[in-house]
Amino acid sequence: MTLIKTIISASAALIASAAMVVADPALIYDLGGKFDKSFNEAAYEGAEKWKAETGGNYNEIELQNEAQREQALRRFAENGNNPIVMAGFSFASSLSEVAPDFPETKFVIIDMVVDAPNVRSTVFKEEEGSYLVGMMAAMSADKAIGFVGGMDIPLIRRFACGYVLGARSVNPNIEILQNYTGTTYHAWNDPIKGGELTKAQIAQGADVVYHAAGGTGIGVLQAAADAGKLGIGVDKNQNHLQSGSVLTSMIKRVDLAVYNAFTDGADLTTGFEVMGLSNDGVGYAMDSHNASLVSADMQAAVEAAKAKIIAGEIQIHDALTDNSCPAS
Amino acid sequence: MIDFDTLLQVLDSSVRLSIPLLLACLAGLFSERAGIFDIGLEGKMLASAFAAGAAAFVTGSALIGMLAGIFASIILSAVHGVASITFKGNQLISGVAINFLASGLTALIGQNWFRQGGQTPPLSGSARFNEITLPLAELLRDVPIFGKIYYELISGHTLLVYIAFLIVPLTWWILFRTRFGLRLRAVGENPAAVDTSGISVVRQRYAAILICGILCGLAGAYLSTGIGAGFGKEMTAGKGFIALAALIFAKWKPVPALWACLLFGFLEAIGIRFQNIEIPGVGTIPLQLMQALPYILTVIILAGFVGKAIPPKAGGEPYNKE
């Protein structure tokens, strides 16, 4: 009898809690994992900053495989979470399916454009930040620099293209080696292969290697440091990962995008949000770890280029628009 | 087309990439020659890579890391042994279970321990096996061809690389020149005959999987403290399965296993160095084909086009005393 009573009261409590609508925001990480020291971790930091400042709560999930994308979106939407932020371009197709089913819920997708009335698409002008670090790479190298991309997709080609254009603006004759880790999502999480790619580029003469490869990049920075060369980090400030051997990092303020979305809450404005140099959405990292690597001249040149980009005097080609790059 | 330096660099990279395959392949060889199929090589490597990375970080010693890796791998080997030898369970299922167990446990323990998403913190200094420059390498560097081969290809690897190469002849000697090896092979071919002559089948098989555990432990330690600098989730990335393919490709023999692993490592190195290979008249070979080649070659071997690959006769079957 007591057992039945317990069950009944337990299920009553369960029903009560399920009926309670939570308006907490939610965050979904992509397959690279929450602590990739890169893209996803930046998203996490933005959410934590919001939590520390407002004392609010948020729900989160780390995906384990492709099939969970739509499932996670629906679960959060049904749970009443609002807004729901997803870190990663790969959510685009799932979101276009789910968004119309939950017109009252606001969604934020980072790195991709989804055209729906309740979706905010946050995109970064990675080509601008990559242009600046490309300049710095070319100024620190003798004859060749390298680029290691993660998955071979148009988004990463945008990083590569900005990097190449920036390097060529400083030294038109510099050799630029470009490699991609793979074509599946494993490419974001293979530091051993990242290290081998970097070793191969260094063997071909590269003095500086820039990565846009998530967790794979840890191996890139390691291999560059081991060989006494320089790496360039991405997404987050990665200068500290190999102190003194990371020239700079191309910062992409994913944390800011998440923070803004959480702060705006359920009534956030939908549509486009473009984060570039002009609104500090991208940039290059300077701190004590790389202070000795970047000369005053170098920084002055980069600052000058940054001002020109913001003023519109330098236009940087966006490889996503036509899937090609004017330089290689 | 490609010059001598490039070739040396690719070969150098092949050596680095083939070592985990080689160690895992020899591990599988001991186990399967004794009649225990082991598709849990991947899981054991992963567990060892994690234990080695974690212990090396905590103690600051790569050697202690390696011992911890071997220990973790032996524990999983023992689980496989108890399930498939003592309790006569299905060896394939036990192997699959070990892979799942290792994949889940490493990420879980890693996350709770270091709070870095299942990774161990990056290792540096003596917490890694550093590259060894062999004697005279710097001096002979300028000698044409041989000096370069010695400096680039033979010198400058980590200790585990040289150990792995030494284990190949050692394996051959143990298997084909010692009484222990003869009995081990006999247990894999005809355990009843071994039993009749008064030798314990169970003990022989446990000895085999113990060696298998040690070798897998070395392979995992190499991944996180030799070629890499720290453990990352799922860092084995299917190497245990490629090692199994190499084992079949080598027809369960130690010296051919060396060549098979070097070949598979070479294919990977080529894929890394030349992402798109252009052959005049044929066009571009896509990267995916290079990555699939080890498996394709194994299927060709298994189909009997290049000689016959005959596994040990009693492989996969638990021994039942009449």
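Let's start at A:Pro83. This residue sits in the loop of chain A between helix H3 (68–79) and strand E3 (84–87). Helices here are DSSP runs of H or I with at least four residues, strands are E runs of at least two, and both are numbered from the N terminus. The peptide bond from A:Asn82 to A:Pro83 is cis, with omega about -5°.

A word on the source. This is a predicted model: local features need pLDDT of at least 70, side-chain atom pairs count only at pLDDT 80 or more, and totals for chains, interfaces and linings use all residues. Residues are numbered from 1 along each chain as its sequence is written, while chains are lettered from A and ligands numbered from 1 in the order in which they are written.

Now the sheet in chain A. It is open, has six strands in the order E2-E1-E3-E4-E5-E11, and pairs in parallel. Two strands pair if DSSP finds at least two bridges between them. At the edges are E2 (59–62) and E11 (271–275) of chain A, each pairing on one side only. E4 (residues 107–110) and E5 (residues 119–124) of chain A share four bridges, in the parallel sense. There, A:Val108 has A:Arg120 in E5(A) as its bridge partner.

On to the core. Which residues touch the most other members of the largest nonpolar core? They are A:Ala43, A:Leu95, A:Ala137, A:Val208 and A:Val258, out of 100 residues. Helix H6 (residues 154–170) of chain A gives the largest share, nine residues. Domain 1 (2–125 + 258–263) and domain 2 (127–252 + 282–322) of chain A both contribute, so the core lies between them. Those bounds come from an automatic or database domain assignment. A nonpolar core means buried Ala, Val, Leu, Ile, Met, Phe, Trp, Tyr and Cys residues joined through C-beta atoms within 7 Å. Buried means 20 or more other C-beta atoms within 10 Å of a residue's own; exposed means 12 or fewer; partly exposed is in between; C-beta atoms are placed from the backbone.

Last, two residues in chain B. B:Ala237 is not a glycine, yet has a positive phi of about 45°. Its place is the loop between helix H10 (201–227) and helix H11 (239–249) of chain B. B:Trp252 also has a positive phi, near 60°. That residue is in the loop between H11 and helix H12 (254–273) of chain B. Buried or partly exposed? B:Ala237 counts as partly exposed because it has 17 C-beta neighbours inside 10 Å. B:Trp252 has 22 inside 10 Å, so it counts as buried.
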